[in-house]
Amino acid sequence: MSKKMLIDAAHAEETRVAVIDGNRIEEFDFESQSHKQLRGNIYLAKVTRVEPSLQAAFIEYGGNRHGFLAFNEIHPDYYQIPVADREALMAEEAADEEDDEVEVPRDRDSDEDGEDTAETLSGDGDDDDVVEQELARRRRRLMRRYKIQEVIRRRQIMLVQVVKEERGNKGAALTTYLSLAGRYCVLMPNTARGGGISRKITSATDRKRLKSVVQGLDVPEGMGLIVRTAGAKRTKAEIKRDYDYLLRLWENIRETTLHSVAPSLIYEEEDLVKRTIRDLYDKD
């Protein structure tokens with residue numbers, strides 16, 4: 001029996017989505033009016049406090065409470081240092097990432113708090129969920145020469161993205177390394193690396209073909225592109241169409257940012273139903 005997607009939107013205050021295979025529920029997620037997903041949203045935000053003891057900053061972005069931005073999640077573009085020093089740092093970061101092909105690592109078993117991370121339709125556990133985790137590990141090596149209080153200032157304006165929801169008394173976890181998820185690709189507009197393929201794509205033939213496709217897209221310098229698991233059997237035309245869509249989306253985000261005042265929402269991730277269709281549906 002083929003898989004089916006069931007959507008319960010009978011009540012305006014909550015939407016539920018389940019994917020079933022026969023009598024077995026494979027995936028389930030819900031979204032309510034009182035608790036809308038923030039993960040994936042991009043905000044123009046302001047630094048309210050730099051905390052040397054945590055090597056992190058607290059950020060006013062428009063959420064219920066201030067967000068948490070770890071030092072290794074801050075792009076060198078934002079460092080208050082001489083231009084020559086910043087350029088040298090970014091060149092070193094780019095060289096470091098090009099030397100070692102970046103691929104999406106396998107899903108992590110637990111989050112940074114040691115709690116199990118459930119795979120849901122919101123994208124937790126999917127390819128794009130762990131892109132920043134792997135890149136952040138590499139960036140830590142480059143951050144050791146500075147301390148956050150030396151390069152980041154209170155009231156500084158940044159473009160940030162939510163990578164983990166608010167929970168209890170904890171504010172949302174943020175990053176300045178942005179990623180935009182399409183159906184087949186993830187575009188990282190300010191990550192200095194070429195391209196990668198999800199490790200979940202295990203076929204050597206598919207991997208070789210997709211690497212050729214990504215190289216043929218001529219991704220601009222300073223950007224990165226990763227092919228998601230859903231892109232494994234897609235044609236070059238399909239991958240390119242998704243990539244072109246993500247490029248246009250990034251241009252719209254840049255344009256909106258230029259005309260916004262912090263704190264403000266710049267880009268909102270799709271709602272649950274649209275995310276589910278985007279991430280799970282294929283031609284079959």
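Buried denotes a relative accessible area under 20%, exposed over 50%, and partly exposed the range in between (1.4 Å probe, protein chains only). The model is predicted, so local features need pLDDT of at least 70 and side-chain atom pairs pLDDT 80 or more, whereas totals for chains, interfaces and linings use all residues. Residues are numbered from 1 along each chain as its sequence is written, and side-chain values use heavy atoms, without hydrogens and water.

**View 1. The aromatic pair of Phe58 and Phe68.** The structure holds 4 aromatic pairs (ring centres of Phe, Tyr or the six-membered ring of Trp within 6.5 Å; planes under 30 degrees apart are stacked, over 60 edge-to-face, the rest tilted). Phe58 and Phe68 are edge-to-face, because their ring centres lie 5.7 Å apart and their planes meet at 70°. Phe58 belongs to strand E5 (residues 56–60) and Phe68 to strand E6 (residues 67–70), so the pair ties together parts 10 residues apart in sequence. Phe58 is buried at 18% relative accessible area, while Phe68 is partly exposed at 30%.

**View 2. The aromatic pair of Tyr79 and Tyr146.** This pair is edge-to-face, with 5.8 Å centre to centre and 80° between the planes. Tyr79 lies in the loop between E6 and helix H1 (83–99), and Tyr146 in the loop between helix H2 (127–143) and helix H3 (148–151), 67 residues apart. Tyr79 is buried at 0% relative accessibility, and Tyr146 is buried at 18%. Phe71, Tyr79 and Tyr146 form one aromatic cluster.

**View 3. Surroundings of Tyr61.** Not counting residues up to four places away in sequence, Tyr61 touches (heavy atoms within 4.5 Å) residues including Leu38, Tyr43, Val160 and Pro263.

Definitions and conventions. Helices (H or I, at least four residues) and strands (E, at least two) are DSSP runs, numbered from the N terminus.
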